Each structure stands twice: as structure tokens, then as C-alpha cells.
Amino acid sequence: MSEATPNQSLFEQIGGEAAVNAAVDIFYRKVLADHRINRFFDNVDMEQQAAKQKAFLTMAFGGPNNYTGADMRNAHSRLVKMGLDDSHFDAVMEHLGGTLKELNVPDNLITQVASIAESTRNDVLGR
Amino acid sequence: MALTKILLDEHETVCHEGETVLEALLRDNVDIPFSCKQGACQSCMVRSLDVPPPAHAQKGLKDVLCKQNHFLACLCYPEQDMSITLGHQPEYFTEGTVIAKELLNPETVLLTIQCKDALDYYAGQFVNLKRADGLIRSYSISNSRRHAEKLTFHIRRLAGGKFSEWVHQELNIGDTIAVSDPQGLCYYLPDKMEQSLLLIGTGSGLAPLAGIIHEALEEGHSGPIHLYHGSRDVDGLYWIDEMRELADKYENFHYTPCVSRSDAPEGVAQGRANDIAMVNIPDLKGWRVYLCGHPDMVNQAKRMAYLNGASLQDIYSDAFHVASPTLD
Ligand SMILES: Cc1cc2nc3c(=O)[nH]c(=O)nc-3n(C[C@H](O)[C@H](O)[C@H](O)COP(=O)(O)OP(=O)(O)OC[C@H]3O[C@@H](n4cnc5c(N)ncnc54)[C@H](O)[C@@H]3O)c2cc1C
Ligand code: HEM
Ligand code: FES
């Protein structure tokens, strides 16, 4: 990881698009292998899903995206009907943190990523 | 260069210096999907119909997509005028004549079609066959690129299936049929010759895999090549002897026929092809995987292969989707 300069964005500090690419593979494998949550991914095309995981991570890394809270609600409303709740959200948070640790991202950056992801909780869970 | 022109479905957009194709199209109020504008999400993927896109605009795309001139609009600073499409090109058909027809097993016919124009395809791709009344279905090419004008297909008869029943019962040697340009991303490229290959097919899903295997062996692929061909019962398998002969001839080619619903005779494995393959080869890190046939098998095997270590970039598949899920 390159030396962080004060005016670098979180996304740049983590390593930008290259970091997203490295993280997607690790993260998606963790999610699919987790019996607590993998049923939510049963009926989605894996290629498309990998692209969506990229969108997810880009957003969580504070990268450029134009998702709104309403988009997050819509994207997950089908899952909420399937029973998506806090426990599943927590599991995803766990894998997000685990992925970044594996990539040796510094703790202070992981905390920032976690708080961005956390901020979407109510929208993702449709509350 | 200051200005380039982007032609999209008869609509021309001028792209200024320092502007990406995506920015130019959005400025021109063209409705194109996008999200990150960073080359990360791939939602802005489009395809060039004429010139190859600049390499920097293809970052992160599968090599098969690159070869077909797909690129990310948000990364593309065009170097020359381009004609692009958001979806697929209008289809082009050539005339084909049936020159041979024989049964591979009680439910699958081997059809050989001589095409008027040689087709440019990669082993494993499929074409759309169009009957005179316009009925269209997709079928995978089962031969390698050696005979680009003579294509073979394995067509499985589905009870009540409009196209397949017609092929089995009415289509005769000498009849003509329209053959589309080859399509699909499930194909073999002779680039990493030492890579290990796993191929799993059910039923007529052997067709594209057979093409890929012949192509790979003819090109001198040196890595191990493992084929698992499955069906409910032995009647649904075919080319058992041919594949065994191939395995005798090439040291790096391995063949396992599998039956899932009935007792397996000597030399045939008992169980579903994808289950048996994953048990035999638990670590797929670095492997290239090809999956063809029943959509349920393809989806399950995709996930299993990925969880066993194969990278998504290295998993190629064609699910033989039919109107109702009765194919296996
Ligand atoms: C990329 C790709 C590649 C393919 N490659 C091959 C290949 O190499 N070989 C191959 O054999 N197939 C292949 N297929 C499948 C092929 O394209 C056709 O879908 C298949 O042959 C069935 O077509 P059909 O017209 O005979 O059946 P359809 O008429 O489309 O019917 C499909 C099924 O629905 C049932 N059905 C139809 N109407 C009704 C009804 N009213 N009520 C109840 N059930 C009904 C039929 O009995 C049949 O089982 C491929 C598909 C794709 C997408
Ligand atoms: C931690 C906060 C989360 C964020 C920021 C987030 C973000 C996203 C984004 C950006 C998409 C793509 C939307 C699109 O463009 O279509 C998406 C889709 C999806 N997410 Fe999440 N997500 C979160 C939590 C979860 C959880 C907890 C689950 C389930 C356990 C989940 C499962 C899915 C699925 C299955 C899709 C695909 C939906 C579909 O294609 O139908 N997500 N998510
Ligand atoms: S908009 Fe995301 S890759 Fe282009």
C-alpha cells in the first residue's frame, strides 16, 4: 500500500479499482461458502453477481457510484421478502472486514469502510 | 486528434478531446447504463462494430469479450471514429445444406450441415438454426475449426419439442436450412497451452465440449484435459468408444462417462457428472472449466467450481435453456 497523503480519498488509499478487483474474488467466495446467507444468492447469475459485488465493494470503499438509498432498497427488496434480516447483514459485514484483513488493509481504513457499509443497513433491510 | 465520431444505431455523437465515450453519450442524452465511471462495475459495456477498441478500454474484461471488441464506454478515449452497439448485432444467416444425418443414440441425432460461406468461429460456440417458417433454435457446433464449412451438431429430441422433433422426423439429407453467425462466449482459445482443463457436459452438452477437446488436442494443448459426460442412463450417453479411443491416443486426455439414475455398467461412473468431477478434482485453482448442458447442472457446477478455487474468468458455460425445463 502506498503512503497515504492527507487529501487522498478513502477509495484511493485502499488502492482504487485494483483493490476492488482483488477483493471481489475473496469476498464473493466467502459469501457463497457461508451457509447462513448463500441461499440469497441461489437464483442470481454468477457473472452478473460478480459485477454487482464489484459495485458493492466500490461503494463500500467510498469509491465513485451513483447509488441512492432508494436504489439500495430496490436492489434488496426481493431479499427482504425472503427473510433478509440483521443477522444476515452482520454476516456480510463480517466477510467484508475479513476480506480487507486478508488484503492487509490497515485497521483505520477498515473501520471507515465498515461505517460506510453500516450506513446502508436500514435501506438494505427495507426499514 | 480533437474530435471523433461515435455512431450508435444511426445516431451520431461527437466525442471531444479528453472526453470518454460514456461522457459524450450522456451529454448527448443517450440512454446507456452506467454506474461507477471507473471501469470497475462493467455496467457500461458496449461493443465496437468496426475498429478494435483501444486496449485501455478493455481493462478487466474476459479475453473472449475483448476478442469480440467489447469495451467499457467509461474508460474509452476513442482513437478514431467508431461504430458501436449496446446489444447484439443484427444476425447474419448463411445457407446450409444437410449432408449427413445419423443417430448417436436413440434420442440424439448427429447432423452435418455444409455451409455456403465458411464460418469464422471458435470451437465451442453455437449458431442459431432457422427453419423456412422462421422458427429458430440454438445448437452448439461439435467439430473443431478444421472444417469451417462443414458443421456438425448433436440434436437431442425432446418429446413435443417443435424444432428437435422436426429435425429428427422431417429434416432430410439435401434439405436447406439457414445458419447464423457463430455466437457465445463458451469457447476454446489456444493461449495457455499448459493450463489444466475440466469439461463437464450432460446429454447433448457433449457437442461443444467435443469441439473444444478436438481443437485443444489438434492445437497441441499440453495440460491435462478431463471430460465428464453424464446422463440419466447409458442410453443418453454416446461416443463412448470414440472418447475412449481418444483417451488411449492422447496421454493428457481423460474421459469419465457417468449415469445418475440407473445402474452403471463396467467402466461407467455412478452419479451426477458434476458431483463426480468435483470429488475427483477437489482443487481447481488455476484450472479452466467448461460447463455445457442442463441449466441446473451448469449453475450448480459453476458455483462448485468457483468454490473449489477456479476463478470466474476461467469458467465458461453454455446452459441449454429450453422453453420448459425438461432437458437433461
Ligand atoms: C446456447 C445454447 C446451445 C444449445 N445447444 C444445443 C445442442 O447442442 N444440442 C441440443 O440438443 N440442444 C441445444 N440447445 C437447446 C436447443 O436450443 C432447443 O432449446 C431444444 O432443442 C428444444 O427445442 P424444441 O423446439 O425442440 O423444443 P420446444 O418446442 O422449444 O419445447 C421445449 C420443451 O418444452 C416442452 N413443451 C413445448 N410446448 C409445450 C407445452 N405446450 N406444454 C408443455 N410442454 C411443452 C417440449 O416438450 C420440450 O420438452 C441449446 C440451447 C442454448 C441456449
Ligand atoms: C452491507 C451493505 C450492503 C451493500 C452496500 C450492498 C450493496 C449492493 C449493491 C450495490 C448491489 C447491486 C445493485 C444493482 O445494481 O442491481 C447489491 C445487490 C445484491 N445484494 Fe447487496 N448490499 C449489502 C448487503 C447485502 C446483504 C446483507 C445481502 C444478503 C445476505 C445482499 C445480497 C445482495 C444480492 C443477492 C444482490 C443481487 C440482487 C439481484 O440481482 O436481484 N446484500 N447489493
Ligand atoms: S460505468 Fe462502471 S465500468 Fe463503466
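Student: Which helices of chain A each supply at least two residues of the shell around ligand 2?
Tutor: This is a predicted model, where local features need pLDDT of at least 70, side-chain atom pairs count only at pLDDT 80 or more, and totals for chains, interfaces and linings use all residues. Residues are numbered from 1 along each chain as written, chains are lettered from A and ligands numbered from 1 in written order, and side-chain values use heavy atoms, without hydrogens or water. Helices are DSSP runs (H or I, at least four residues), numbered from the N terminus. The helices asked for are α3 (46-60), α4 (69-81) and α5 (86-102) of chain A.

Student: How many residues surround ligand 2?
Tutor: A residue is near a molecule if one of its heavy atoms lies within 4 Å of it. The closest are Lys52(A), Phe56(A), Tyr67(A), His76(A) and Arg78(A). α4(A) gives the most to the shell, with five residues. The residues around ligand 2 number 18.

Student: Which protein residue is the donor to the iron atom of ligand 2?
Tutor: Donors are N, O and S atoms within 2.8 Å of the metal (3.2 Å for Na, K and Ca); water is not among the atoms, so sites may look incomplete. The iron has a single protein donor, an NE2 atom 2.0 Å away. The residue sits in helix α4 of chain A. It is His76(A).

Student: How far is an oxygen atom of ligand 2 from an N or O atom in the side chain of Tyr67(A)?
Tutor: A polar contact is a pair of N or O atoms within 3.5 Å. For Lys52(A), a side-chain N or O atom is 2.7 Å from a ligand oxygen. For Tyr67(A), the value is 2.6 Å.

Student: What area do chain A and chain B bury between them?
Tutor: Buried area is the accessible area (1.4 Å probe) that two parts lose on being put together, summed over both. Contact means heavy atoms within 4.5 Å, and 22 residues of chain A are in contact with 19 residues of chain B. Of the buried area, 51% is on carbon and sulfur atoms. The total is about 1800 Å².

Student: Which three residues supply 87% of the area that domain 1 of chain B buries against domain 3 of chain B?
Tutor: An automatic or database assignment sets domain bounds; here domain 1 is 4-85 and domain 3 is 197-319. Together these domains bury about 290 Å². The three are Lys62(B), Asp63(B) and Val64(B).

Methods
Polar contact = N/O pair within 3.5 Å; in protein donor to acceptor, adjacent residues only side chain to side chain.
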